[in-house]
Amino acid sequence: MSDTPKGANPNLASNKFSRTSLILPIYLPALLLSSGAGIIYPTLAIYIESFGLSYTLTTFVIAISVVGNIPAGILVERVGRKPAMLIGLVMIAISTFGMGTASNLTHLFLAQLIGGVGNALWMLSRHAYMTDMIPIAKRGISIALFGGVNRMGTFAGKLGAIFLGANLRLPFFVYAGIAVLTLLICFFSIPDTKREPKDQSQETQQPYLTQLLQVSKQHYRLLATAGIGQVCVQTLRRGCHIIIPLYAKDVAGINTQGIRLVEMISSAVDMSMFPVAGFMMDRFGRRFATVPGICLFATGMVLMPFTQSFTWLLLAAILMRFGNGIASGTMMTLGADLAPKDGTGEFLGLWRLTGDFGGAAGPVVVGKIADVFGLGFSGFALGGIGYLAVSIFLWLVPETLQKE
């Protein structure tokens with residue numbers, strides 16, 4: 001009987017697994033790329049809005065980036081983890097440079113589309129790589145550490161953005177340079193973990209779409225429960241990135257540097273919580289980190305519309321990010337736990353698609369409601385969606401931690 005844990009690639013997972021083996025291929029690239037994202041997050045919505053767009057159009061341009069998960073999932077499984085990562089990084093670099101040089105809405109739209117496909121390839125290939133390499137008993141803390149490293153990078157990026165002045169285009173060029181550096185590190189440090197098919201003739205005879213439909217049919221119950229919960233979580237998370245800068249600028253009257261300061265301080269709280277998240281997931285279970293974390297996150301979002309100054313908005317943002325930090329890595333860990341050994345890439349493509357549906361819904365919820373009722377009502381709506389996620393993970397999603 002094999003000692004390989006369920007959900008891990010039997011050809012790759014090992015009882016001698018060490019998290020230090022993930023530093024160069026996973027953790028360092030995550031730190032770098034998330035720092036680039038952190039540089040643009042505080043003023044992304046403000047930059048797009050500066051093209052004279054409404055809240056709805058501004059958030060639509062942001063939401064369009066969450067595309068490409070289905071073809072990305074197939075590509076990750078077919079060409080291997082490393083090539084998919086490299087292609088994704090090239091597309092991210094092109095996208096961010098295009099955003100910085102954009103002169104109209106069409107350019108913004110095209111750049112976001114390219115970035116969406118590239119980001120999907122990057123995220124899915126890393127998720128599949130970790131699913132292959134990490135035994136399930138050590139997966140919670142390893143992926144929570146991954147989430148913590150991303151949060152550290154985001155914090156570092158937001159801290160660095162404070163020194164970029166009021167220029168809204170410069171952050172995109174810095175991000176493009178970081179993406180190129182990450183590409184070089186990944187090229188030299190990541191071994192390819194693409195699995196050889198057991199039956200090559202059968203593998204080539206089965207169309208990509210057929211295999212994808214088979215995976216979705218086999219796991220539709222999980223995608224209909226845990227997937228919907230993830231939709232709600234990602235709606236809240238992505239909406240948070242959009243609503244805080246817009247609310248700070250248009251309602252609380254905070255300047256660009258003040259907005260960046262709110263984002264930087266709250267991100268510091270977020271990144272400090274990932275050890276707690278990892279310990280809770282591996283010691284007590286995945287839902288013990290997910291439920292309280294998202295509940296606190298949603299509560300902070302509901303409180304935000306009552307703030308009218310820098311201090312009170314900062315406190316609400318800290319509560320949001322504190323809750324998000326407790327839930328660090330929970331969605332990726334849950335997806336890795338649920339992924340089958342056969343068709344891992346396709347399943348994770350569908351899993352990420354559900355999450356990115358929420359990622360697209362977050363900006364749309366903020367934009368549409370804000371144009372009609374105001375940004376305060378958008379905060380209430382996002383908070384309600386967060387409480388719905390809490391209910392789903394508390395009552396409908398089974399615990400996936402398998403204790404020995």
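Guide: Thr-154 is buried, at a relative accessible area of 13%. Buried here means under 20% relative accessible area, exposed means over 50%, and partly exposed lies in between, using a 1.4 Å probe and protein chains only. The model is predicted, so local features need pLDDT of at least 70, side-chain atom pairs count only at pLDDT 80 or more, and totals for chains, interfaces and linings use all residues. Residues are numbered from 1 along each chain as its sequence is written, and side-chain values use heavy atoms, with hydrogens and water left out.

Thr-154 sits in helix H6. Helices (H or I, at least four residues) and strands (E, at least two) are DSSP runs, numbered from the N terminus. Setting aside residues up to four places away in sequence, Thr-154 touches Ser-34, Ser-35, Gly-38, Tyr-41 and Ser-267. Contact means heavy atoms within 4.5 Å.

Two packed helices are described by the angle between their axes and the distance between the axes. For H6 (residues 139–161) and H11 (residues 256–271), the angle is about 160° and the axes are 9 Å apart. Axes are lines fitted to C-alpha atoms, for helices over the stretch in contact, and angles run from 0 to 180 degrees between N-to-C directions. H6 and H11 are therefore roughly antiparallel. The classes are: under 35 degrees roughly parallel, over 145 roughly antiparallel, 65 to 115 roughly perpendicular, and the rest oblique.

H6 passes H11 in a left-handed crossing. Ala, Val, Leu, Ile, Met, Phe, Trp, Tyr, Cys and Pro count as nonpolar, Asp, Glu, Lys and Arg as charged, and the others, Gly among them, as polar.

Now the charged residues. Side chains of opposite charge can pair when their charged atoms come close. Arg-151 and Asp-270 form a salt bridge, with their closest N and O atoms 2.4 Å apart. A salt bridge is a side-chain nitrogen of Lys or Arg within 4 Å of a carboxyl oxygen of Asp or Glu. This pair links distant parts of the chain, since Arg-151 is in H6 and Asp-270 is in H11, 119 residues apart. Both Arg-151 and Asp-270 are buried.

Arg-151 has another neighbour, Ser-328. Ser-328 lies in the loop between helix H14 (310–326) and helix H15 (330–338). It is buried, with a relative accessible area of 0%. Beyond its neighbours within four places in sequence, Ser-328 contacts Ala-144, Gly-147, Gly-148, Arg-151, Phe-274, Ala-277 and Met-281.

Together with Met-280, they meet Phe-288, Ala-289 and Pro-292 in H13. The H12–H13 contact has six nonpolar, no polar and no charged residues. H12 and H13 pack at about 135°, their axes 7 Å apart. That angle makes H12 oblique to H13.

Arg-286 comes next. It is buried, at 3% relative accessible area. Its salt bridge with Asp-337 has an N to O distance of 2.7 Å. This one also links distant parts of the chain: Asp-337 is in H15, and Arg-286 is in the loop between H12 (274–283) and H13 (287–303), 51 residues apart. Asp-337 counts as buried, at 9% relative accessibility. Arg-286 also forms a salt bridge with Asp-282, where the closest N and O atoms are 3.0 Å apart. Asp-282 counts as partly exposed, at 22% relative accessibility.

Last, the wider chain. The structure holds seven salt bridges. Its secondary structure comes to 17 helices and zero strands. Of the 404 residues, 58% are buried. Among contacts with a separation of 6 or more, 87% join residues 24 or more positions apart.

How values were computed
A crossing is left-handed if the near helix is turned anticlockwise from the far one by less than a right angle, and right-handed if clockwise.
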